[in-house]
Amino acid sequence: MTVDTTTSTQALLERLGIRAENPGAFAGTWIDTKGDRFESVNPATGEPIAAVNMATEEDYERVAATVQKAFEAWRLWPAPKRGEVVRQLGQELRRHKDDLGALVTLEAGKVKSEGLGEVQEMIDICDFAVGLSRQLYGKTMHSERPSHRMYEQWHPLGPVGIVTAFNFPVAVWSWNSAIAAVCGDSMIWKPSSETPLTALAVTRIAQRVLEANDAPPIFGLILADRRVGKVMTADRRLPLISATGSVTMGRAIGNVVSDRLGRSLLELGGNNGIIVTENADQDLALRAVLFAAFGTAGQRCTTARRLFLHKSIAAGFKEKLVRAAKSIPVGDPAEDGVLMGPLINRRAVDDMMNALETVKEQGGEILCGGKTIDRPGFYVEPTVVTATAGMPITCEETFAPILYVFEFDDLDQAIEMHNAVPQGLSSSIFTLNMREAERFLAATGSDCGIANVNIATSGAEIGGAFGGEKETGGGREAGSDSWKLYMRRQTCTINWGTEMPLAQGVEFDVG
Ligand code: NAD
């Protein structure tokens, strides 16, 4: 079914408070930004949706000063009261789920169910954060000295800088901001300039919740280019920069933050692999590989880019894979039944085509796909490539639907090939053999931050700590104890006795 985009899109934008021209910064109030005008483009058509006047360095300064002041007030709110505000944010997101999901589809090109899924992730992390607001536990320890008590407590950290990538235009903000908010932090969000409209819509919703609670303006926003982004990452008022994006970006931001001895949480590129052994349920594996490799048009950090097949099953599995990849419905992501939408922009299409030229030069064979699709927008075909270990292009993350297929003789070799890339985000094995599964999960198995058995590399739940090793940056966000990065730990020792014993039995009695 094709929808009437003109009227329905206008109505959607109006409901979410987006106009033809929009301000590019928010600090408790919208700032009349004077930076370059930027048009957000619908990747499904190549047509502009609406424009934003980007924030300048002066605008950034205003936002930073406001969130700094907001932090000073917000940190005094009891954590469960902060949790109540986040609970209401979750409720508002539930109310706006359909609209926000549709906006993600419009601006980022995700198919409908993925747009909605992204908003569901925001709701889930709000629920998680509400519970967390009553569980910011510190430990107590037994002191080695008599009549002494020792414990640790967690205090709010400060304003947090949040840099997000285009491919999760709203979920990644919520992973950070719901947790940071219950921890007592304020924040400044710098989204990707590819997806400013989703950020505007979310900020409006979040601010309404703050106002209804007479809460300080903890959710700042700047829509700005990398230049202003750099000013933000260098800002000593922000003790934590949480940055999601490419390895190149992570290196740049990581250097700036470490130079000022700040804390960074880096969520960078992946190059994720799936191993399918001769003991796998192949139907299960095939279904999982298809979503992981071609869902979101290959534009997830957890997208499966490398598939390792045991020699004995490789020929049959490849045949089924190619048949299925060719049958994936590619098209307008707003249409029912479409499973793969466009890439984000023309540059992403060019990057994919250049990578495929390199594939051919390095001896790879394109089994299916490999071409652009001739229609407005930025469409490409799901692509399967036969690759061999050592092809340098397979060590890079090309943010597009290209799946490299390798063959292996035994599991040790598969794990070695799997780990032989600079990135370390997500990984999977498909097997019904318990020994193979445990071998993959052992310390000598997958070297990634995420390791799955009979589940593909993408589609993580918020309850776990999300992130990866090596060039993926080492950061962890969302669930488990990731909240600790958003707080400062204080170890407290209290002497309630009448003596002054020193630790380690040191004596220092003067006179
Ligand atoms: P990108 O690196 O081009 O941009 C990401 C963000 O960083 C944008 O907001 C951009 O404006 C900003 N930025 C870039 N350089 C900067 C600098 N020097 N100072 C301050 N800000 C800067 O990435 P992208 O194309 O938007 O997203 C795709 C990439 O993100 C892929 O590599 C993908 O794997 C990665 N990603 C990782 C995760 C994860 O959790 N590990 C999640 C989503 C995306």
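Biologist: Where is the place of Ala 297?
Modeller: In this predicted model, Ala 297 sits in the loop between α10 (282-294) and β14 (304-310).

Biologist: Is Ala 297 buried or exposed there?
Modeller: Ala 297 counts as buried, because its relative accessibility is 1% and the cut-off for buried is under 20%.

Biologist: What is phi of Ala 297?
Modeller: Phi of Ala 297 is near 50 degrees, a positive value in a residue other than glycine.

Biologist: Let us turn to Ser 147. Where is its place, and what is its phi?
Modeller: Ser 147 is found in the loop between β6 (140-141) and β7. Its phi is near 55 degrees, again positive in a residue other than glycine. Ser 147 is partly exposed, with a relative accessible area of 30%.

Biologist: And His 148, in which strand does it lie?
Modeller: His 148 lies in strand β7, which covers residues 148-156. His 148 is buried, at 13% relative accessible area.

Biologist: What does the side chain of His 148 reach?
Modeller: The side chain of His 148 reaches the backbone oxygen of Pro 146 at 2.7 Å. Leaving aside residues up to four places away in sequence, His 148 touches Ser 143, Thr 493, Ile 494, Asn 495, Trp 496 and Pro 501.

Biologist: A new topic: the ligand. Which residues come nearest?
Modeller: There are 26 residues around the ligand, and Thr 164, Lys 190, Ser 246, Leu 268 and Glu 397 come nearest. By class, this shell has 12 nonpolar, nine polar and five charged residues.

Biologist: Which polar atoms lie by an oxygen atom of the ligand?
Modeller: A polar side-chain atom of Glu 397 is 2.6 Å from a ligand oxygen, and one of Glu 267 is 3.4 Å from a ligand oxygen. From Ser 192, a polar backbone atom is 3.5 Å from an oxygen atom of the ligand.

Biologist: How much of the ligand does the protein cover?
Modeller: On its own, the ligand has 850 Å² of accessible area, and the protein covers 92% of that. The elements giving two or more residues to the shell are α8 (226-233) and α9 (247-259).

Biologist: Finally, how many residues has the largest nonpolar core?
Modeller: The largest nonpolar core has 73 residues, and Leu 89, Trp 173 and Phe 219 have the most contacts inside it. A second, separate core of 58 residues includes Ile 275, Leu 286, Ala 297 and Leu 307.

How values were computed: Residues numbered from 1 in each chain as written. Predicted model: local features only at pLDDT ≥ 70, side-chain atom pairs only at ≥ 80, totals over all residues. Heavy atoms only, no water. Near = heavy atom within 4 Å. Polar contact = N/O pair within 3.5 Å; in protein donor to acceptor, adjacent residues only side chain to side chain. Areas by Shrake-Rupley, 256 points an atom, 1.4 Å probe, with all protein chains shown as cover. Helix = DSSP H or I, 4+ residues; strand = E, 2+ residues; numbered from the N terminus. Nonpolar A, V, L, I, M, F, W, Y, C, P; charged D, E, K, R; others polar. Buried < 20%, exposed > 50% of the residue type's maximum accessible area, 1.4 Å probe, protein only. Contact = heavy atoms within 4.5 Å. Core = buried A, V, L, I, M, F, W, Y, C linked by side-chain atoms within 4.5 Å.
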